[in-house]
Amino acid sequence: FRQRVVKDLKDNNQEITADLLASSSFVDDNALSVETYPQAATFCKEAIKAFASYNAELHEPLISDKNGRYDSNGVPHKEPEVNEEAESRIFGFFYNAFKDEIRLPIQRNINHKRRGIGVGQDLLPGEVNNLQLTMRMVSSFQMSIHDFMGFMSILTVRGKILLSKIQEVLPPSTAANWDQVLPPELLEEGRQYIKMMIEADDPIFKRSPPPGILKELHCHVDGAKDCYAIVIWGLFINDSGNKGSKLLYSKNKVSKRTIPEQELSSMAMGTQCLCNMVKIYPSVETCHIFGDSEAVFYQTRASYKTKDVFRANKHYFIQSNLDELKDANVKVHIHLVRSAHNGADPVSKFIESSVTLIKSSSWWQGPVWMTQEQSSWPLAELPSVSQQQNTVESGEVVSSLPKTDCYATMERK
C-alpha cells in the first residue's frame, strides 16, 4: 500500500516526497530529517494528500527541532497548550517535541504470572524485598527494557551479568529451572538490581545534535571479567571550529574469557561498529579508538601472528575492519589511555556511581577532553612498535617489548 502511494507521488512529479516517504518508513510510523521547516511542511502536505486518495487518514503531523514544535503557521512553541500532550510515543520512546527531548521509559512492572512481565501497577521499592524472583522473571524484566542504542547500558550491564550468573547455577536448558526461586545470594542481587532500576529516573536526552557537521567518531573499548564493551561519541565541528559532542551508541556483551581476550574482543567489536557507522554518517573523516590494554595497543601494530586460534581470528578481524575504514578514506588513530579515562569502563562492569553518571554530561556528551586539542588528551606515553628494532628469527619476533603471544601476562595499570 505504501509503495503504491510512493508510485503515485512519483507519477505526479513529487520525486523528493516520494523518496523521503520510501526511506523514512518504520512499520506504521514515518520519521525523517530535513534541513528546514518549509521542507518538512511540504512533505507532510504532499504525503497527506497522496494517502487521502486511498481514504487513508493520517495522524496530525509533528514537526519540530531544537526551537520547539511548529504549528500550522510555522511558529515554534516551547510549551504545550492546555490539555495538549507534551509527549508522543515513537519507536518505543517518548518524544517531547516542545523541548526536543527523548525519554527512555524504564519498565517498572513485574507480575507473578508464569511469563513474568505484565501490564499493571508500578512496583514500589518497598515491595521489591518480598519478590520471589525466578530466572524467568529476571530475564523478562531485562528483556522489557527497550534500549537498542545502548544508552542505558551502564545500568543494564548489572542485569546482564546477573542473568549470566543465574544461568551458570540454573542451566536454562532445564525447563524446571526457569520457575525455580533463585538461591539466596542471587535472589538478593536480583532484588537490588530491580530496585535500582525502578528507582532510577527515565533517562532524557536531547534529540538534536550539537551545531556543526559530524567529523569524528570517538570509540572507547574495554574488557572486564564478565563482559566487554564499547561506547561511541560523535564530535561535531562547525564553520568556526567550535566542537560539540553527543553519545551515539553503546554496546556490551557477556563473555567468559580471560581479561586480555575480553579486551581484544572489545577492540574487534569497536572497529566493526565504526565500519557500520561511517556508512551511516558519510561526513565522518576521522575515527579515534581509545583503550586501556597495552597488549591490544601493541598487537594492533605488530606484524607477529599468534598461534592461538581465538586471538589470531580477532586480530585478523580487527585488521580487516581497519583496512575497510582506510579504503573509505577515513583516518584511524588508536590511543592508549588509563582506565580512569576509558569511557567504556562503566559499560563493561557495573559501577555504583553509574546511577549518577547516567544523569551527567560525562555520559551524554562524553569526556570533556575530547572536545579539546589532542595535545591535552590524557594519553599514556608508551613507545610504538615502529620505534622498536624488531627482527625475525625462526618465525618469532625479537623485541624489547613483550611478545604479543604472551600478552595474557600483561596487566593494565
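Predicted model: local features only at pLDDT ≥ 70, side-chain atom pairs only at ≥ 80, totals over all residues.
Residues are numbered from 1 along each chain as its sequence is written, and side-chain values use heavy atoms, without hydrogens and water.

The protein has 13 helices and 16 strands. These elements are DSSP runs, numbered from the N terminus; helices are H or I runs of at least four residues, and strands are E runs of at least two. Of the 413 residues, 46% count as buried. Buried means under 20% relative accessible area, exposed means over 50%, and partly exposed lies in between, with a 1.4 Å probe and protein chains only. The accessible surface comes to about 22000 Å². Carbon and sulfur atoms hold 51% of that surface. Areas come from the Shrake-Rupley method with a 1.4 Å probe; for residues, only the protein chains shown count as cover. Contacts (heavy atoms within 4.5 Å) were also counted by sequence separation. Among contacts with a separation of 6 or more, 69% join residues 24 or more positions apart.

The largest nonpolar core has 53 residues. Such a core is a set of buried Ala, Val, Leu, Ile, Met, Phe, Trp, Tyr and Cys residues joined through side-chain atoms within 4.5 Å. Leu133, Ile166, Leu182, Tyr193, Ile194, Met197 and Trp363 touch the most other members. Two or more residues come from each of β7 (93–96), α5 (135–143), α6 (153–169), α7 (184–199), β11 (227–237) and α13 (361–364). Leu133 illustrates the packing. Leaving aside residues up to four places away in sequence, Leu133 touches Val138, Gln180, Val181, Leu182, Leu187, Gly190, Arg191 and Ile194. A second core is separate and has 32 residues. Val284, Val296, Phe297 and Tyr298 are among its members.

Strand β13 spans residues 286–291. Six of its six residues are buried, so the strand is largely enclosed by the rest of the structure. Thr286, His288 and Phe290 point one way from β13. Cys287, Ile289 and Gly291 point the other way. Strands count as paired if DSSP finds at least two bridges between them. Strand β10 (residues 213–223) runs parallel to β13, and six bridges join the two. Within this pairing, Val221 has Gly291 of β13 as its bridge partner. Strand β14 also runs parallel to β13, again with six bridges. There, Cys287 stands opposite Val332 in β14.

The structure holds 19 salt bridges. A salt bridge is a side-chain nitrogen of Lys or Arg within 4 Å of a carboxyl oxygen of Asp or Glu. Asp11 and Lys7 form one of them, at 3.2 Å from N to O. Both residues belong to helix α1 (residues 2–11); they are four residues apart, and therefore separated by about one helical turn. Asp11 and Lys7 are exposed. Another salt bridge joins Arg338 and Glu294, at 3.2 Å from N to O. This pair links distant parts of the chain, 44 residues apart. Arg338 sits in the loop between β14 and α11 (345–348), whereas Glu294 is in helix α9 (residues 294–299). Arg338 is partly exposed, at 25% relative accessible area. Glu294 is buried, at 14%. Asp308 and Arg311 form a further salt bridge, with the closest N and O atoms 3.5 Å apart. Asp308 is partly exposed, at 26%, while Arg311 is buried, at 12%. Elsewhere, salt bridges that share partners join Glu87, Arg103, Arg108 and Asp202 into one network.

Most residues other than glycine have a negative phi. Asn83 has a positive phi, near 70°. Asn83 is placed in the loop between β5 (76–77) and β6 (87–90). Its relative accessible area is 81%, so Asn83 is exposed. Asn329 also has a positive phi, near 60°. Its loop runs between α10 (309–327) and β14 (331–336). At 69% relative accessibility, Asn329 is likewise exposed.
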